[in-house]
Amino acid sequence: MAVVHQKFLPLRAAVIGTGKISEEHLRFLGTDPRVTLAAVCDLSPSLARYAVDRFGAERTFTDSRQMLAEAKPDVVHVLTPPGTHARLVSDALNAGAHVVVEKPVAPTHREFLELWSLAESRGRKIVEDHNYRFNEPVLEIERMVRNGELGEIREVDVRMALAIRKAGGRYMDTSLPHPSHRLPAGVIHEFITHLCYLTLRFLPTFERVAAAWSKHGDDTIFKYDYLDALVIGGPVHARIRFTSHSAPDCFTVRVGGTRGWAETDLFQPHVRAVVPRTGGQQLSPLVNQFANGVTLMGSSIRGFRNKVLQKTPYEGLRTFLDQTYDALRTGTEPPVTFEDMDRAGRLIEALLDDANRV
Amino acid sequence: MKLLVTGANGFLGRYVVAEALRRGHAVTVLVRSTETPKVGWAGHPNVKMVQADLRSRRGLAEAVADVDCVLHLAAAKSGDMYAQYAGTVVATENLLAAMTDAGVRRIVAISSFSVYDYLKIRSFSVLSEDSPIETDAFNRDEYAHTKVVQERLVREHATRLHWGFTILRPGVIFGKDNLFTARLGIQAGRIWIRTGAWAKLPLTYVENCAEAIVLAAESEAALSQTLNVVDDNPPTQRRYAGMLRKRLSPRPMIVPVSWTIMRLIAGMGVTINRVLLGNRAKIPGLFVPARLYARCRPLNFTNQKIKQVLNWRPKYSLNEALDRSLRMDAMELTKVDSSPQKEDPAAKPRHPKIAEVAA
């Protein structure tokens, strides 16, 4: 009975790091009835207090170990720069908490495996934030793949364009360089996990990798500002690109199969699908154009509504956290599994491997 | 005195350093960039440049070493809430920590008129230092929110440690390259949408304001005081826009929108958001009453207290200030004679107690 009762108690959550991304986590934690926001921790007492004022955390701390000892959270969200994750995740696991952690879990795959091993020994879970996987357009394309609407998958193209080199932007700040510059892939490492886990949704295995890491800017702080990679698994070819040299910002996913293809831009959400339609080979192009026109008009209206109501491309984070907390409460498998994190980590390692560089 | 000026390379900071040097102070200039600021006082023998970023504690010990008083001007004016927290609030936390470690016990913190709660101040009443402060800054923009937090931080920290502190709240600081103010309305190229006409603008010309800041560091009477910084005879929106328009070439086109209409639109906006959209909609600032009132509510302003406490008299009238802003270049405006200074009595604390606090 005690175990059953435990399942209905809210989980006590704590957040370490109250920067920009914490806003999305805290919005969920502050409103979901299955969670009590027990504590927030930040080196800045004012930032921690801001989280309390805005999202209603019970307590604030500036020392994460003190927080773990006193607030005794069931789940810890580690939202600090990746270079600090190893220590903070280890501490949380050793304190008996599950960990939800922003990507990447650790700067290298080896460190991730060590943390996973620690989690297993403590009977706890590490769940990496793969939020874009849970955005509606991606779920829609996955549904189409499952239903066979696209046929056998043969091509995947995941491309992100971000103005990370914008003058005055946080990645161009030379007086206080962004911590991601110290990661193995530099600033691109901040985003590469997203590119990899989305690719791997449609590419179950990979055998061959070729990656061109480039830097076209003339600054001194960036390691790379362009990635163009080819990943091949069986008959499926995938292309992964990150650029800071073309505009506007976009995050496109295109999946092509033996019957048709579907694409989306997660920053301007819509799904465009070209598949066999009623009317046969002759009329399918016309029906596709008409159907996609109608879909696009609907997406425009939804886009306007989302803009007004401040629904951002982080919409998938709420679904991700919702499913994660369900799993943690019931002891079932979280929506982002070890295999998901392991495969994404291995693909990142392969992209960075000198042997695969072009 | 030995002064540390944070934000010294900003719009106001450049003039504060110039004024401090003119008054014979030794100035440590805290700058983020390694590049020498393009100012008239660059290379002055009484200037010590220290490169550090207040968002991190690295390098701050050197900046505050042997300083008598900190003039804290640094703040973020743009970016999202987190960027402004880092540049304004976290920066202040780091500065206060470095001052505590170094035993520096005097600070003049530059706050802002944005901390007032304009919804609670009646139209056409006088806004003074005793007017209510914003308590629900989530209704306001990021700048107002972080300035409220910053001011509270300085006050609480300095009071707890028995420091000498002065909070200065400048109104709208204007000067060369900063003549348009959001309190006039919206600037879209040559078209100015002037929201209101008879509301007064709490202007302070940047050189006048800089003098007030340095005076506050020197004055014993300023200890534990909060002072509004506004020049004499604040003009109305209409008058200021007209004065500016006459001086600019090509002349901007001014499109007036009345305060009553703006209030109605904002009232409708907030009602629709509350009733139909559950307060989830993001509405442009001018259509949010708390922000609209902060910019355009017709109020009167007084500088009686700062004049009394600091014996400050704004040196330049509005006409002179506009002429200087438009006719002189920035190097000329911040130029300081680097020949050996005469002993300036004002350069020493005006009262032995200041020296005591500074020590």
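In the predicted model, B:H72 has B:A109 as its bridge partner in strand β5 of chain B. This bridge belongs to the pairing of β5(B) with strand β4 of chain B (residues 69–72), in which the two strands run parallel and are joined by three bridges.

Strand β7(B) covers residues 164–170 and runs parallel to β5(B), with five bridges between the two. Strand β5(B) itself spans residues 106–110, and five of its five residues are buried, so the strand is largely enclosed by the rest of the structure.

In chain A, six strands make an open sheet with parallel pairing, in the order β3-β2-β1-β4-β5-β6. Strands β3 (59–61) and β6 (126–128) of chain A form the edges, each pairing on one side only. Between neighbouring strands of the sheet the average turn is 25°, direction ignored. Within the sheet, strand β1 of chain A (residues 11–16) and strand β4 of chain A (residues 75–78) pair in the parallel sense through four bridges. For A:A13, the bridge partner in β4(A) is A:V75. Helix α10 of chain A, residues 315–330, packs on this sheet. The strands of chain A touched by the helix are β1, β2 (35–41), β4, β5 (98–101) and β6, and the direction of the helix makes about 130° with that of β1(A). The edge strand β6(A) is therefore among the strands in contact with the helix.

The contact between the two chains takes 13 residues from chain A and 18 residues from chain B. On the side of chain A that touches chain B, the largest share comes from helix α3 of chain A (residues 45–55), which supplies five residues. By class, this side of chain A consists of six nonpolar, five polar and two charged residues.

Definitions and conventions:
Residues numbered from 1 in each chain as written. Chains lettered and ligands numbered in written order. Predicted model: local features only at pLDDT ≥ 70, side-chain atom pairs only at ≥ 80, totals over all residues. Pairing = 2+ DSSP bridges. Axes fitted to C-alpha atoms, helices over the stretch in contact; angles between N-to-C directions. Contact = placed C-beta atoms within 7 Å. Nonpolar A, V, L, I, M, F, W, Y, C, P; charged D, E, K, R; others polar. Buried ≥ 20, exposed ≤ 12 C-beta atoms within 10 Å, placed from the backbone.
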